[in-house]
Amino acid sequence: QVQVVESGGGLVQAGGSLRLSCAASGSIGSINAMGWYRQAPGNQRELVADIPSGGSTNYVDSVKGRFTISRDNAKNTVYLQMNSLKPEDTAVYYCKAVVRRSGTYIYNDYWGQGTQVTVSS
């Protein structure tokens with residue numbers, strides 16, 4: 001089995017910062033992309049940022065210049081540094097890891113349980 005666990009959400013005032021962390025663990029052969037998604041009430045889940053195992057990062061336009069995604073491959077961990085937060089960033093943030101389980105040849109998506117980020121105005 002593979003587990004994906006997020007941490008670091010919370011309540012912050014507009015203009016503040018938060019750092020989210022996400023660790024994948026379990027029977028991991030290799031990890032391809034890791035990424036952060038978010039879902040606000042009444043909205044569809046959207047990609048915030050992702051980072052392939054060895055390629056360039058990708059951000060939704062609304063967070064460019066404010067959020068930074070990074071990963072530590074040795075720890076199977078991805079981070080999301082969020083600066084200059086706005087009330088419209090309020091959402092549940094989910095981590096996704098694209099993982100090949102040990103002894104297999106197929107990559108599957110594994111999701112965390114989500115962490116709430118609330119930005120007050």
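This is a tutorial dialogue on how to read selected features of a predicted model.

User: What should I keep in mind about numbering and thresholds in this predicted model?

Analyst: Residues are numbered from 1 along each chain as its sequence is written, and because the model is predicted, local features need pLDDT of at least 70 and side-chain atom pairs count only at pLDDT 80 or more, whereas totals for chains, interfaces and linings use all residues. Side-chain values use heavy atoms, with hydrogens and water left out.

User: What is the strand order in the open sheet of four strands?

Analyst: Strands are DSSP runs of E with at least two residues, numbered from the N terminus, and two strands pair if DSSP finds at least two bridges between them. In this structure the open sheet has the order β1-β3-β8-β7, with antiparallel pairing. Strands β1 (2-7) and β7 (67-72) stand at the edges with a single partner strand each, so one side of each has no neighbour in the sheet. From one strand to the next the twist averages 15 degrees, where axes are lines fitted to C-alpha atoms and angles run from 0 to 180 degrees between N-to-C directions.

User: How many residues lie between β9 and β10 in their hairpin?

Analyst: Five residues lie between β9 and β10, and Gly-103 in the turn has a positive phi of about 80 degrees. The two strands, β9 (residues 91-101) and β10 (residues 107-111), run antiparallel and are joined by five bridges, with Val-99 opposite Asn-108 in β10.

User: Which residues have the most contacts inside the largest nonpolar core?

Analyst: In soluble globular proteins, nonpolar side chains tend to be buried together. A nonpolar core is here a set of buried Ala, Val, Leu, Ile, Met, Phe, Trp, Tyr and Cys residues joined through side-chain atoms within 4.5 Å; buried means under 20% relative accessible area, exposed over 50%, and partly exposed in between, with a 1.4 Å probe and protein chains only. The largest core has 30 residues, and those with the most contacts inside it are Trp-36, Leu-80, Met-82 and Tyr-93. Among the elements that give two or more residues to this core are β4 (28-39), β5 (46-51) and β11 (115-120), while its largest share, five residues, comes from β9.

User: Which cysteines does the disulfide join, and what is its handedness?

Analyst: A disulfide is a covalent bond between the sulfur atoms of two cysteines, assigned here when the pair of sulfur atoms is within 2.5 Å. The structure holds one disulfide, which joins Cys-22 to Cys-95 with an S to S distance of 2.0 Å. Cys-22 lies in strand β3 and Cys-95 in strand β9, so the pair ties together parts that are 73 residues apart in sequence. The torsion about the S-S bond of Cys-22 and Cys-95 is about -80 degrees, so the disulfide is left-handed. Cys-22 counts as buried at 1% relative accessibility, and Cys-95 counts as buried at 0%.

User: Where is Asn-76 placed, and what is its phi?

Analyst: Asn-76 is placed in the loop between β7 and β8, and its phi is near 50 degrees, a positive value in a residue other than glycine. Asn-76 is partly exposed, with a relative accessible area of 24%.

User: Which ring does Arg-19 lie over?

Analyst: A charge sits over a ring if NZ of Lys or CZ of Arg is within 6 Å of the ring centre and within 35 degrees of the ring normal. Arg-19 lies over the face of Tyr-79, at 4.1 Å from the ring centre, and Arg-45 lies over the face of Trp-111, at 4.7 Å from the ring centre.
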